[in-house]
Amino acid sequence: MLELERALGRVLASKGAPPDIALETPRRWIRFLEGFLGAQPEEKFTTFENDRYNEMVVAEKIRFVSLCEHHLLPFYGYGTIAYIPQRRILGLSKLARILGYHARGLQLQERLTNQVADTLAEVVEPLGVAVRLEGIHACIILRGVEQESMVVTTTALRGCFLGDTLAHTEFITLCGRGVSLIKLLFRL
């Protein structure tokens, strides 16, 4: 990592950064990368027996932050996760933990959305899973098209959310409430 730190310091110095920035900023960046990209312990998501509830469980406005694998820039936003349980249910806070667990490290929003849906489907074995993520990408804001108001939405549907029009429509209707929040937070 020392070689990477020195190389970044040379790049910053060549762009006119003062010596203290060219020295200290690479160190901080390396520490950030080591922490954010570091190995996480395998997460165990405990489930509970369910013999009564068979309607949709929805968690909205779950914050996430990740790091784009193409540009090493952050993307962040909110997720909505829903499932229709069968024999097992998950503690409600675990829905946020699943999203946070997969958001760590280098990621793509499309992959992240699928990983959340697949993990929930595997852990709970529900009738269906639906995930919707809304993300703001620094790589879109700072480079290329430079669109600070662009929100990227990805979805992943499993089980009955694919074939049951009523379940799918209910999920989409519930998700519509989160859009105004993200626009308010980011003044879009």
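Modeller: A term is needed before anything else: pLDDT is the predictor's confidence in each residue, on a scale from 0 to 100. This is a predicted model, and the protein chain averages a pLDDT of 88, with 93% of the residues scoring at least 70. Among the elements of the chain, the highest mean pLDDT, 97, belongs to helix H4 (residues 109-124), while the lowest, 69, belongs to helix H7 (residues 165-185). Where pLDDT is low, the predicted coordinates should not be read in detail.

Pro26 counts as buried because its relative accessible area is 0%, and buried means under 20%. Leaving aside residues up to four places away in sequence, Pro26 touches Glu5, Leu8, Gly9, Leu12 and Ile21. Arg6 is 20 residues from Pro26 in sequence, yet the two are 7.5 Å apart in space, C-alpha to C-alpha.

Turning to the whole chain, the largest nonpolar core has 27 residues, and Ile81, Tyr83, Leu90, Leu95, Leu99, Leu112 and Leu120 have the most contacts inside it. Among the elements that give two or more residues to this core are strand S2 (57-68), strand S3 (74-84), helix H3 (92-103) and H4. Ile81 itself touches, among others, Val57, Ile62, Leu95, Leu99, Val116 and Leu120, again not counting residues up to four places away in sequence. A second, separate core of 10 residues includes Met56, Ile84, Ala167 and Phe171.

Key: Residues are numbered from 1 along each chain as its sequence is written. This is a predicted model: local features need pLDDT of at least 70, side-chain atom pairs count only at pLDDT 80 or more; totals for chains, interfaces and linings use all residues. Side-chain values use heavy atoms; hydrogens and water are left out. Buried means under 20% relative accessible area, exposed over 50%, partly exposed in between (1.4 Å probe, protein chains only). Contact means heavy atoms within 4.5 Å. Helices (H or I, at least four residues) and strands (E, at least two) are DSSP runs, numbered from the N terminus. A nonpolar core is a set of buried Ala, Val, Leu, Ile, Met, Phe, Trp, Tyr and Cys residues joined through side-chain atoms within 4.5 Å.
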